[in-house]
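Thanks, everyone. I would like to walk through one model today, starting with the overall fold and ending with a feature on its surface.

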Amino acid sequence: MTDVRQPVGTSAAVVPWTSVSVVMIGMFMAILDSYIVVVAGPAIRADLGASEGQLQWILAGYQLSYAVLMITGGRFADMYGRKRIFLLGAVVFTLSSIVCAAAPDPGMLIAARVVQGLGAALMVPQVFTMIAVLVPEGARHRVFGVLGVVIGLGTIGGQLIGGLLIGADLFGSQWRGVFWVNVPIGVVTILLAIRYVPESRADGARKLDVPGVFALSAALVLLTFPLIQGREAGWPWWTWACFVASAAAFRLFVAIERGVDRAGGDPLVRLALFTQRSFAVGIVLVLCVYAFLTSYYLALSISMQEGLGLSALGSGLVYAPAATTFFVFSMIAGRLMPKYGRRVLEVGAIVVATGYLITALVLLYGPELTPALIIPTLMCQSLGGGLLITPLLGTVLSGISPDSVGTASGALSTAQQVGGALGVAVIGAVFFAAFRPDVDGGAAAAGHAFAMASIATCVLAIGVTVLIFRLPAGVRAK
C-alpha cells in the first residue's frame, strides 16, 4: 500500500480527529509509563524485595529498549504498514503490562518492562508519521499542539496518577494497579485502531540497518549495566571492562553507519546530521535534559515514602503544585517562542538550575526535610522546566532541513529515552550512595540524599544552560 496523503496546503481541510486521537492514546500510555512507575518504586521494593539496582533497572530497562528500538519501529512501519505495526506495539504493550502486574519477583518485572519498552517503541513513531500522513499540512500545527498537551499530561501526571492508583488499592492490587490500568486502555486502543485508523506505508522503504541496531544496543547496555550495578558490586574489574567495551561498540556503530551510508543504504542514524550545529548541540542537550527528569523524581519519591513515611498518594500530591506550574508555563512558552526564540530556553534553563541549587542549599543548611520545605523549590524547577522542556525538541528541529527532519526527530526521541536511562543510573547512584536511613534516621537520610541528588542534577542543568547558548541565536520552535 502506498503512502497516501490527504490534500495539503489548506487549514480548512477537515482534520480526522478520531483517527488521530486513537494513536495519541498510544503515545499517552507510553509516556505515562515512563513516569507512573516512579511513585510505585518504594512499594515495589518493599513487596518484591528488590535491591536498589533492580529498582533502577525497572525504570531504565523500559527506557533502554524503548530508546534503542524507536527508529527501528519507524522503519518497520514504513516497510510493513503503520497501522499494522502500531497495533502490534499496542498488543505487546498491553500483554507485557499484564505480566508486569502479575510479576512474582524483580527479575520477571524487569524482563516484562523491557518488553513493554519494545511495545512503546513500535507505537510511538507511528503517532508522528500518521499525523503527517492523515492531517492536511495547514492544520498540522494544531494537531501537534494537542499532541504536546498529551505528552505534557503523561509526563507531569505520572506521579499523581500513580499515587492515586496505589492509594485506591483497587481489588487489593497495591502497586500493581499502575500496570493493570494499561490493560483496559490498551484493549480500547486496539479496538478503536482496528476500526478507525487507516493503513499506509512508505513507497520504496529500504531495508532495516540490523548491524546498526545490534551495535547501538550493545553499546548502550554495556554503558548502562555497570553504571547501575557497579556501586552495589563495589566497582569490580568487569564494570571497567564494560565501559571499555561500550566505547568500542559506539565506535563500531559509527563505522557501520558510515559504511551503510557510503553504500547507498539507509543507516539507522545519518551521521551527516551531526555536521549541523543545531542538531549536534541539540541531541546532547536533549539527552542531558531528559537525564534529570525520571531520575530526580525517583529520588523525590524514595525520599518522601521511605524517608518521611508518606504514602504513594501523599508523595504524588507533593509533586502536584509543581506539575500544575509546569503545565501553566508550558502553555506560556508556546506563546513566547515565536517572538523571543532561544531566549525563552535560556531563561528556563537558568531558572531550572537555580531551582535545583536552592533545593540543595535549603536541605543542607535549613531545617529537616518536610514536604512544605521543598514544594516551593520544586515549583521553581517546574517553572523553568515548562519554559525549557516543552519547546526544546521543536527548537532543535527548526534548524534541520525538511528532507532530514524525520530521521532527526527519531534520533532526538531516542536521545530522550537514552538520557532517561542514563540519568536513572547516574543520579540514582548518587542518591542511593547517600541514602542511609538505618544510620541517620529516615528524614535526615532523605534530606541529605535528596540534597546530593539536587547538586548532581544542578551540575547537569548548568551544562544544559551552557549548551543552550551554543544553539544558533535565531532559532524558533517549529
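I will begin with how the model is to be read, then turn to the chain and its surface.

This is a predicted model, in which local features need pLDDT of at least 70 and side-chain atom pairs count only at pLDDT 80 or more, while totals for chains, interfaces and linings use all residues. Residues are numbered from 1 along each chain as its sequence is written, and side-chain values use heavy atoms, with hydrogens and water left out.

The chain has 19 helices and zero strands, where helices (H or I, at least four residues) and strands (E, at least two) are DSSP runs numbered from the N terminus. Its radius of gyration is 22 Å, close to the 23 Å that the globule rule gives for 478 residues, so the chain is as compact as a globular protein of that length; the radius is taken over C-alpha atoms, and the rule is 2.2 Å times the number of residues to the power 0.38. Of the 478 residues, 56% count as buried, meaning under 20% relative accessible area, with exposed being over 50% and partly exposed in between (1.4 Å probe, protein chains only).

On the surface, L357, L361, L364, Y365, I455 and V459 form a nonpolar patch with about 590 Å² of accessible area together. The elements giving two or more residues to this patch are α14 (342-365) and α19 (442-468), and α14 supplies the largest share, four residues. Areas come from the Shrake-Rupley method with a 1.4 Å probe, and for residues only the protein chains shown count as cover. L361, which lies in helix α14, counts as partly exposed because its relative accessibility is 42%.

Methods
Patch = residues over 30% accessible without salt bridge, like charges linked within 9 Å, V, L, I, M, F, W, Y side chains within 5 Å. Salt bridge = Lys/Arg side-chain N within 4 Å of Asp/Glu carboxyl O.
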